Amino acid sequence: PWKNQLTSLQSQDTALTSIGTDLSSLSTALSSLYSFDGVLSEKEGSSSDNSVLTLTNATSAAVAGSHTLVVGQLAQTYSYANTAGAIGANDTLSGSLTINGQTITISDGTVKNSDGSTIPQNNTLATLATYINDGNYGVQANAVTNAQGKSQLALVSSTSGAAGSVTIDGSQLTDSTSKVTGFTFGQVQKGQDAQFSVDGISTTSPTNTVTTAISGVTMQLLDAAPGESVQVEITNNNSDVETAVSNFVSAYNKVVGDLNTQEGND
């Protein structure tokens with residue numbers, strides 16, 4: 001008799017656990033339908049020309065509607081490089097390099113700071129680039145092999161747009177291998193802000209990722225097209241709403257089915 005009772009209790013436990021699981025699923029499905037900042041408030045956007053600009057995100061803060069954008073120019077980042085010369089990738093450097101007022105002492109791994117700590121090896125263009133990237137000099141560095149098979153140090157500002165200008169002084173930097181003293185760094189690309197208009201209002205952005213043109217919308221500027229008006233549509237995300245309602249209906253029917261199955265049982 002005890003075994004029979006145990007079997008019966010196990011069966012009841014299985015049924016109640018199943019109902020509990022399905023009720024939990026129903027609660028989850030319902031929660032997305034009564035939250036003011038949930039699926040019912042979701043927005044999505046589209047661009048009439050994705051080669052000029054594309055929408056990457058539209059939050060619930062966005063308002064459904066249509067907007068006209070004209071992209072006059074894209075944002076650019078300042079970049080610099082030392083004048084091309086007979087500098088080998090493994091040439092030994094010495095001296096110092098100053099970036100944005102901060103002086104970098106060239107070291108073979110034995111030079112020490114004033115506090116006694118050792119300066120890591122940075123006496124080739126490659127190790128110098130790594131050293132710069134590990135610091136906070138306002139640039140990203142890369143040792144590039146040019147078409148002549150020689151190395152150049154490329155420095156790209158960490159700040160996009162017109163405000164990202166960088167000051168570089170390589171006059172105290174020496175290539176000890178080729179006996180070149182004093183590196184001259186020239187501007188490879190001038191930084192500039194993106195220029196565009198939204199519904200006839202001209203505005204700018206230091207980057208091509210724009211979050212302030214249309215409330216709640218993030219867009220990526222991809223090409224300058226001064227003579228083209230791009231239509232941007234912000235709409236309710238109906239597909240997600242339909243999915244949420246469908247999930248709720250399925251979860252509700254599952255719970256009702258569970259209860260109907262157990263109806264009449266003690």
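Buried here means under 20% relative accessible area. With that in hand, take helix α2 (residues 125-134) in this predicted model: L125, L128, A129, Y131 and I132 are buried. Looking down the axis of α2, you'd find those buried residues within an arc of 160 degrees, so they line one face of the helix. The rest of this briefing goes from that helix to its sheet, the cores, a second sheet and a few single residues.

**Helix α2 and what it sits on**

**The four-strand sheet**

- This sheet is open, its strands run in the order β6-β5-β9-β10, and the pairing is antiparallel.
- At the edges you get β6 and β10, each of which pairs on one side only.
- Direction ignored, neighbouring strands of this sheet are turned by 10 degrees against each other on average.
- T174 has T181 as its bridge partner in β10.
- The β9 and β10 strands make a hairpin with four residues between them, and K179 in the turn has a positive phi of about 60 degrees.

**The nonpolar cores**

- As background, nonpolar side chains in soluble globular proteins tend to be buried together.
- The largest nonpolar core here has 24 residues, and the ones that touch the most other members are L97, I99, L128, I132, L153 and L155.
- Two or more residues of this core come from each of β5, α2, β7, β8 and β9.
- Helix α2 gives the largest share, five residues.
- There is also a second, separate core of 20 residues, with A62, L69, V198 and V217 among them.

**The five-strand sheet**

- Another open sheet has five strands in the order β1-β16-β3-β12-β13, with antiparallel pairing.
- β1 (43-47) and β13 (201-205) stand at the edges with a single partner strand each, so one side of each has no neighbour in the sheet.
- From one strand to the next, the twist averages 30 degrees.
- Inside this sheet, strand β3 (residues 65-73) and strand β12 (residues 194-198) run antiparallel and are joined by four bridges.
- L69 stands opposite V198 in β12, and the second core includes both L69 and V198.

- *I106:* You'll find I106 in the loop between β6 and α2.
- I106 is buried, because its relative accessible area is 8%, under the 20% cut-off.
- Its C-alpha atom is 5.4 Å from that of S96, ten residues apart along the chain.
- Not counting residues up to four places away in sequence, I106 touches L93, S94, G95, S96, V111, N122, N123, L128 and L173.
- *N146:* This residue lies in the loop between β7 (139-145) and β8 (151-157).
- N146 counts as buried because its relative accessible area is 15%, again under 20%.
- Its contacts, leaving aside neighbours within four places in sequence, are A84 and Q152.
- With Q152 there's a side chain to side chain polar contact at 3.2 Å from N146.
- *Q189:* Look for Q189 in strand β11 (residues 185-189).
- Q189 is partly exposed because its relative accessible area of 32% falls between the 20% and 50% cut-offs.
- Not counting residues up to four places away in sequence, Q189 touches Q76, T77, Y78 and S79.
- A polar atom of the Q189 side chain lies 2.8 Å from the backbone oxygen of T77.
- The C-alpha atoms of Q189 and S114 are separated by 36 Å, and these two residues are 75 residues apart along the chain.

Notes
Residues are numbered from 1 along each chain as its sequence is written. This is a predicted model: local features need pLDDT of at least 70, side-chain atom pairs count only at pLDDT 80 or more; totals for chains, interfaces and linings use all residues. Side-chain values use heavy atoms; hydrogens and water are left out. Two strands pair if DSSP finds at least two bridges between them. Axes are lines fitted to C-alpha atoms, for helices over the stretch in contact, and angles run from 0 to 180 degrees between N-to-C directions. Buried means under 20% relative accessible area, exposed over 50%, partly exposed in between (1.4 Å probe, protein chains only). A polar contact is a pair of N or O atoms within 3.5 Å; within protein, one must be able to donate a hydrogen and the other to accept it, and residues adjacent in sequence count only if both atoms are side-chain atoms. Contact means heavy atoms within 4.5 Å. The arc is that of the directions from the helix axis to the C-beta atoms. A nonpolar core is a set of buried Ala, Val, Leu, Ile, Met, Phe, Trp, Tyr and Cys residues joined through side-chain atoms within 4.5 Å.
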